[in-house]
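Thanks, everyone. I will take one model today and go through one chain, then an interface, then a ligand site.

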Amino acid sequence: MNKKIAEPVVEVQSLVAHYGSCEVLHGVDLSIQDGEIMVIMGGSGSGKSTVLRHMLGLNTPTSGVIKLLGQDITHISASKMDALRRNIGVSFQGGALFNSMTVGENIALPLREHTQLDEKTIRIMCRMKLELVNLAGFENLMPAQLSGGMVKRAALARAIIMDPKLLFFDEPSAGLDPVVSAELDELILRIRQAMKTTIVVVTHELDSTFRIADRITVLDQGNILMVGAIDEVRNSKNKRIKDLLERRAREIKIDAEEYLNRLTGETG
Amino acid sequence: MLRYIEKIGRATVGSIEELGYASSLLAESFYWIVFGARRGQAVSVSATFYQMLQVGIAAIPICAALSFAVGIMLAIQGINTLKAFGAESQVVVGIALSVTREFAPLIIGILIAGRSGSAIAARVGTMQVSQEIDALRVIGISPVRYLVVPALLAMIVMVPTLTFFADIVGMFGGAFFSVLELDISMQAYIDRTIKALVVDDVMQGLWKSVVFAVIIAIVGFVNGFSVSGGAEGVGKATTRSVVQAISLIIVADMVFTFYLNH
Ligand SMILES: Nc1ncnc2c1ncn2[C@@H]1O[C@H](COP(=O)(O)OP(=O)(O)OP(=O)(O)O)[C@@H](O)[C@H]1O
Ligand SMILES: [Mg+2]
């Protein structure tokens, strides 16, 4: 690297987000360097998916700055956003493959929509990516005919078809058995090695996190608890992080009066 | 009491919001039709034709059967009513005007709302739930350009086409019954129909059906895009889109008829 401090690929500054009138992110800061695998970890409802949706430009933040590849996506023209999206790949939790298309058509869609490549080149490129995710020969199946692990891999192939600089991955191991999910972890590492992609993974799987992460961001109830390398997180003295790592149930304080009010349905 | 008012207030805000969303969806569709190619996102011709097949061609048999039945029904009613005045031969004019101005557009509108409007809501709702809509957006494909515009164009072409088809079949239905019932030949019936109809009568019905087409498509998409909450949400959105589309069609029809006959 010739620059002393390379510009981060993803930079989130004091991101505040609401669903309706309920604030779910209370000022999240995040900075992800070129080529690293950043895992955003946290319990259920901590706001992982919400952070991800904001980074993808699917939700608009209440306030804060989100920079991807140096561009602030909260103040960007629609056509610039389109151009930026060609450098970004996303693999959704459920795969989000288009059910009306074959696996091959799914993977080819970004190429068909964004490039002028001829059909033969497109087909070769699709086969290469399918090969990379170990799905060679499956391009003519429909998504409904695939197993859960295959859906994830096909979604990954679609996410990397444009050779993105930045790859987002939502819950890679959700709903998969340990073996398949371990294979997926290897695949993520392989992709980083082959394409030098910066990868952001959102997950609550500890094993998977410790296998693939360069750095970990721990999110809790809309706040960032810590950002650090695997060992730093492992050795953290923070109680909430320890709870999360040791799968301890959190203590829930119950206010007796409030509880009574809730039961009787009276507010205030 | 206060709660009741609050409920009404919230429902009003909700429907105004929905109306706003529907208008923006329509405006955005026109944007893509006009400027899509310039932004490198042209509207897909093949997707539009595919939608036309689904909306139009596949609906021909059921359209034919319904409009034929409506023609017969009008003939039965017309002949019975006019008999009282000894003017049953005037039924020809009655059938021609009511089929072209009212019944063909209305029947086709309601039929397509039930058949294709619900299909739009279900398809888009399912895509919303499975994050396929999000996937389109992050790939950089506008869901409006990719999903709404082809279906909207297909509706705008096919609903009037089917209505025109229903005009003809409906009048044949009327003729079929009248020829059996009255002392009149098919040829004479056709001659008198042609003499009774002016282009305006047919056009009035066709313009209505263009409006119905837009209503069906936009209502289907508004409901589909607003789905949340899994399979149950899709079911609700589907039902809602059919009820809303049919209600709006009937109201629009009334308004239209009022202004066109004033
Ligand atoms: N569409 C929505 N409307 C309203 N509130 C929402 C919505 N989506 C999420 N929330 C709320 O926002 C908070 C954060 O949710 P989010 O989905 O980001 O959590 P998460 O960390 O992804 O959890 P999980 O691991 O269960 O997916 C939760 O309290 C949730 O109830
Ligand atoms: Mg989530």
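From the N terminus on, chain B runs α-α-α-α-α-α-α-α-α. That comes to nine helices and zero strands, where helices (H or I, at least four residues) and strands (E, at least two) are DSSP runs, numbered from the N terminus. The C-alpha trace of chain B spans about 65 × 55 × 35 Å along its principal axes.

Some housekeeping before the interface. This is a predicted model, in which local features need pLDDT of at least 70 and side-chain atom pairs count only at pLDDT 80 or more, while totals for chains, interfaces and linings use all residues. Residues are numbered from 1 along each chain as its sequence is written, chains are lettered from A and ligands numbered from 1 in the order in which they are written, and side-chain values use heavy atoms, with hydrogens and water left out.

Now the interface. How many residues does the contact take from each of chain A and chain B? Chain A gives 22 residues and chain B gives 17, with contact meaning heavy atoms within 4.5 Å. The two chains bury about 1700 Å² between them, 53% of it on carbon and sulfur atoms; buried area is the accessible area (1.4 Å probe) that two parts lose on being put together, summed over both. Of the area that chain B buries against chain A, 34% is supplied by Glu132(B), Val138(B) and Ile139(B), more than by any other three residues.

Next, the polar side of this interface. Five residue pairs are in polar contact between chain B and chain A, both residues at pLDDT 80 or more. A polar contact is a pair of N or O atoms within 3.5 Å; within protein, one must be able to donate a hydrogen and the other to accept it, and residues adjacent in sequence count only if both atoms are side-chain atoms. On the side of chain B that touches chain A, helix H5 (132–139) and helix H6 (143–181) each supply at least two residues.

Two salt bridges are counted between chain B and chain A. One salt bridge joins the side chains of Glu113(A) and Arg145(B), at 2.9 Å, N to O. This pair crosses from helix H3 (residues 103–114) of chain A to helix H6 of chain B.

Last, the ligand. Which residues surround ligand 1? Among them are Tyr19(A), Val24(A), Glu171(A) and His204(A), along with Gly43(A) to Thr50(A), near meaning a heavy atom within 4 Å. The shell has two nonpolar, eight polar and two charged residues. Its largest share, three residues, comes from helix H1 (residues 48–55) of chain A.

Oxygen atoms of ligand 1 lie 2.5 Å from a polar side-chain atom of Ser44(A), 2.7 Å from a backbone N or O atom of Gly45(A), and 2.7 Å from a side-chain N or O atom of Lys48(A). The protein covers 55% of the 630 Å² of accessible area that ligand 1 has on its own, by the Shrake-Rupley method with a 1.4 Å probe; for residues, only the protein chains shown count as cover.

Terms used: Ala, Val, Leu, Ile, Met, Phe, Trp, Tyr, Cys and Pro count as nonpolar, Asp, Glu, Lys and Arg as charged, and the others, Gly among them, as polar. A salt bridge is a side-chain nitrogen of Lys or Arg within 4 Å of a carboxyl oxygen of Asp or Glu.
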